[in-house]
Amino acid sequence: MTVSAVLTPDPPDAAGELRAFLAGRTGDGAVVSFVGLARDASVQGPVGALYLDHYPGFTERSLESIAAEAGGRFPVSDIRVMHRCGEVAPGETIVFVAVAAPHRRAAFEAADYLMDRLKTEAAFWKREDGPGGSRWIEPTEGDRADRARWSD
Amino acid sequence: MDIRILLLGELGARFGREHALEFTEGLTVGDLRRRLIERLDGSGPALSGPAIRLAVDQTIVPETASLRPGQEVAVLPIFSGG
């Protein structure tokens with residue numbers, strides 16, 4: 001199994017990543033990918049940009065450990081996670097996740113699990129910048145409820 | 001050697017991201033937090049909240065952890081997630 005999780009200040013090329021992830025894959029019957037995009041509005045109002053602050057080294061390890069735990073929990077073959085840091089404009093990719101598995105259910109579930117954990121436990125501090133100023137945000141109740149679905 | 005301090009997220013935006021405090025014998029992470037609050041006007045409520053975690057050289061530690069000269073302490077507000 002290859003589990004890879006990387007942090008990048010540049011927008012990931014989601015289509016290119018997926019193509020590379022699919023290439024030469026003959027033993028798996030399923031690949032599930034997810035692309036998270038920055039939106040131009042939140043419940044608080046318009047969003048001109050997002051900023052993801054991170055703690056160099058520590059944040060990378062939080063991504064790696066979430067990806068590794070997904071690999072240990074589901075019968076999957078490979079996992080790829082790419083996550084942005086820094087300034088993110090609306091429409092840009094914040095996160096790319098791909099999971100390959102012999103069978104689809106494990107791939108769907110592992111991707112779902114990865115995203116629920118990344119949304120609550122990845123070591124980021126997120127700021128939304130809008131016309132009314134900037135606000136630092138925390139996981140929503142919905143994010144926490146999604147995460148709680150996977151509690152043992 | 002000093003202890004280097006890093007404030008992440010909103011704490012860094014409000015009180016400055018990087019700080020340094022002088023190492024003294026027997027210094028714990030909890031002591032360091034108290035000294036930082038004394039140094040940074042108005043930071044008490046924000047830096048002492050129960051959701052704040054402290055990391056020494058990239059590992060989260062309890063308040064009672066001892067420090068050595070030259071170490072880095074990061075003050076981590078609740079993670080927003082990605």
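Which residue in strand 4 of chain B does Val56(B) stand opposite? In this predicted model, local features need pLDDT of at least 70 and side-chain atom pairs count only at pLDDT 80 or more, while totals for chains, interfaces and linings use all residues. Residues are numbered from 1 along each chain as its sequence is written, and chains are lettered from A and ligands numbered from 1 in the order in which they are written.

The residue opposite Val56(B) is Thr59(B). Helices (H or I, at least four residues) and strands (E, at least two) are DSSP runs, numbered from the N terminus. Strand 3 (residues 53-56) of chain B pairs with strand 4 of chain B in the antiparallel sense, over 3 bridges; strands pair if DSSP finds at least two bridges between them.

In chain B, 5 strands make up an open sheet of mixed pairing, ordered 2-1-5-3-4. Its edges are strand 2 (18-21) and strand 4 (59-61) of chain B, each of which pairs on one side only. From one strand to the next, the twist averages 30°. Helix 2 (residues 29-39) of chain B packs on this sheet and touches strand 1 (3-7), strand 2, strand 3, strand 4 and strand 5 of chain B. The direction of helix 2 makes about 110° with that of strand 2 of chain B. Axes are lines fitted to C-alpha atoms, for helices over the stretch in contact, and angles run from 0 to 180 degrees between N-to-C directions.

Turning to the partner chain, 14 residues of chain B are in contact (C-beta atoms, placed from the backbone, within 7 Å) with 22 residues of chain A. Helix 1 (9-15) and strand 5 (72-76) of chain B each supply at least two residues of the side of chain B that touches chain A, and helix 1 of chain B gives the most, with 3 residues.

Key. Two residues are in contact if their C-beta atoms, placed from the backbone, lie within 7 Å.
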